[in-house]
Structures are given as structure tokens and as C-alpha cells.
Amino acid sequence: MADENARIQKILAMKNLELENLLRLESKTALVTAAGAGIGQATARMFAAEGAKVVATDINEASLEILAEEGITTCVLDVTSNEAVENLALELGAQDILFNCAGFVHHGTILDCDEEAFDFSYNLNVKAAYRMTRAFLPSMLEAGGGSIVNMSSAVSSIIAAPNRFVYGATKAAVIGMTKSIAADYVTQGIRCNAICPATVESPSLQERIRAMGDYETSRAAFVARQPMGRIGTAEEIASLALYLASDESGFVTGQAISIDGGWANV
Ligand SMILES: NC(=O)c1ccc[n+]([C@@H]2O[C@H](COP(=O)([O-])OP(=O)(O)OC[C@H]3O[C@@H](n4cnc5c(N)ncnc54)[C@H](O)[C@@H]3O)[C@@H](O)[C@H]2O)c1
């Protein structure tokens, strides 16, 4: 028993943890956008399990019910609405963690992407993160800092994929924005990083697979993109978001981190 206690104390010391502070986001506040499904939902759940006081937001009220039933605070938020974002920032005040997860995958080349589709993708994938950060950053700065995590993609400035013209452009812009914010506030306690996943299991991925016709063939094509021969899970991406949100990544900022089953490596 004494040996076991000594072993546990050694592990805690190695991880810079104390017994009463075992949870990785203990006493932190976190806001997650697009938390009604997929990566956002898994991340809101993981942040809460690690002790954060989470506000899980989504445009779709019904999609938030499952998190509300688990005891997580939920709130309807359309990240394309300036007014809604500014009101929520005033209501909530400083957050330690801001996870800008909302995004949309447009299918097609430049010739399939008219101005309306172009503007829609930029508004949701890029401008929403800009809007959220503009609204929440002043109070984060006043509170002494925080961690902003933006959702990019492997399909961005990292690699291209067929029929992902405006999606790739927006996700590359997210990386540029992330790096700029990180550079501007690095001395003021703000860290800003981007997550760049390959194909991840989610309701919208299911829709994309169904939209392509033959389900099994289309799914196989999505699986084949990753040299690991599988699709990632939302929980795997949430684990990276958790690392970037927590103090464990205190020396990490301005990074676009790939989590892609080896896609960008080949
Ligand atoms: N799933 C993947 O393969 C994959 C890969 C790389 C990056 N991503 C990125 O991860 C993020 C989440 O994708 P996902 O596939 O996990 O989830 P998803 O696309 O299945 O669900 C996204 C959620 O966003 C919400 N949403 C849509 N418009 C909104 C708005 N205006 N305001 C607030 N919420 C809104 C939806 O209601 C939904 O609950 C996106 O930015 C996506 O581009 C996903």
C-alpha cells in the first residue's frame, strides 16, 4: 500500500499535478461552438469531464438536449450572428477556453462555387471564429489570458483534396488567422492554436457519404484517404482540443496541429 501511494505520488509529481487538482481543466471556464454534434459535442463532453465549467452552444437547440441531460450548460448560438455573439460575450464575460468549432463542408470545384456559396463558407468557417474571438478576447485579456482553439482541417494550406475548393481556402484562412492572433497576444497570456483533422466520424460526414450515392464505395473512399486505413473519432480530436485548452500545452501557440491518420505525411 505504501509502495502504491509512493508510486501514485511520483506519477502526480511527474505530471505536475496534486491530488486535489487531478482534473485537467479544474476551475476553468470553456465555451464551445457547434457543440450539438460531432467533434464539438465530444469536446464539450470531455472538457466537462475534466472539470471545466462548459457552455455548449449550437444553432440547433434540439441537438444540445443530450448535453443538457448530462448536466452541461447549453445555449443556442448562431455564430454567423454578430448580435447573438456579442450578447453572449457580454452575458458570460471572460472564458478561459474558447473552442471555435463551427464549420461547413462545401462540395465542389471553383466552378461549382458561386459567390453565395463562397460567402456562406467564409462567413461560417472563417468570419465566425473572427467574430467570436473579437467578442471574447477583450475579457480574456482583462482576466490575464486564455486558450483559443480554432477548427481548421488537413484540407487547408496543408494538403488539397478534390472538390474541396472553398473548404480548403477557408480552412487555410483559419490557420493564418490563428497564427496572427497567437503572434499579437503571445505576451499577454493568450495562446491560439488550430486543429487540422483528416476525415472524422460525424453526422455531417455521414451526410456527405450518403450524398455521394453508393454508401459502401463512398465510405471506402473516405477511409482510404488516411494511410492508417480508418476514419478518426470525434473523441480523438477532442483529446487534442483538451490538450490545447489545458495548461499542459502552456508553451504551445500559433500551431496548426495535424491529427490525420498519416494523410498529410504521404
Ligand atoms: N468531420 C470531419 O471529417 C472533419 C474533418 C476536419 C475538420 N472538421 C471540422 O470540424 C468542425 C466540426 O465538424 P463535425 O463534422 O464534427 O460536425 P458536424 O458538421 O457534423 O456538426 C456541426 C454542428 O455545427 C452546427 N452548426 C451549423 N451551423 C452553425 C452556426 N451557424 N452556428 C452554430 N452552430 C452551427 C450544427 O447544428 C451541428 O450541430 C467543422 O469546422 C469541420 O469543418 C471536420
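The axes of helix α5 (residues 115-142) and helix α6 (residues 165-185) come within 8 Å of each other and cross at roughly 15°, which makes α5 roughly parallel to α6 (a term for angles under 35 degrees). This is a predicted model, in which local features need pLDDT of at least 70 and side-chain atom pairs count only at pLDDT 80 or more, while totals for chains, interfaces and linings use all residues. Residues are numbered from 1 along each chain as its sequence is written, and side-chain values use heavy atoms, with hydrogens and water left out.

Residues of α5, including Phe118, Tyr122 and Leu141, meet residues of α6, among them Phe165, Met177 and Tyr185, where contact means heavy atoms within 4.5 Å. The residues of this contact of α5 with α6 divide into 16 nonpolar, four polar and one charged.

The structure holds zero disulfides, a disulfide being a pair of cysteine sulfur atoms within 2.5 Å. For Cys192, the closest cysteine sulfur is that of Cys196, 12 Å away and therefore too far for a bond.

Two residues other than glycine have a positive phi: Ser27, at about 65°, in the loop between α1 (2-14) and β1 (29-32), and Ala34, near 55°, in the loop between β1 and α2 (38-49). Most residues other than glycine have a negative phi.

The table gives accessibility, where buried means under 20% relative accessible area, exposed over 50% and partly exposed in between, with a 1.4 Å probe and protein chains only.

| Residue | Relative accessibility | Class |
|---|---|---|
| Cys113 | 11% | buried |
| Cys192 | 0% | buried |
| Ser27 | 67% | exposed |
| Ala34 | 22% | partly exposed |

Note on methods: Axes are lines fitted to C-alpha atoms, for helices over the stretch in contact, and angles run from 0 to 180 degrees between N-to-C directions. Helices (H or I, at least four residues) and strands (E, at least two) are DSSP runs, numbered from the N terminus. Angles under 35 degrees count as roughly parallel, over 145 as roughly antiparallel, 65 to 115 as roughly perpendicular and the rest as oblique. Ala, Val, Leu, Ile, Met, Phe, Trp, Tyr, Cys and Pro count as nonpolar, Asp, Glu, Lys and Arg as charged, and the others, Gly among them, as polar.
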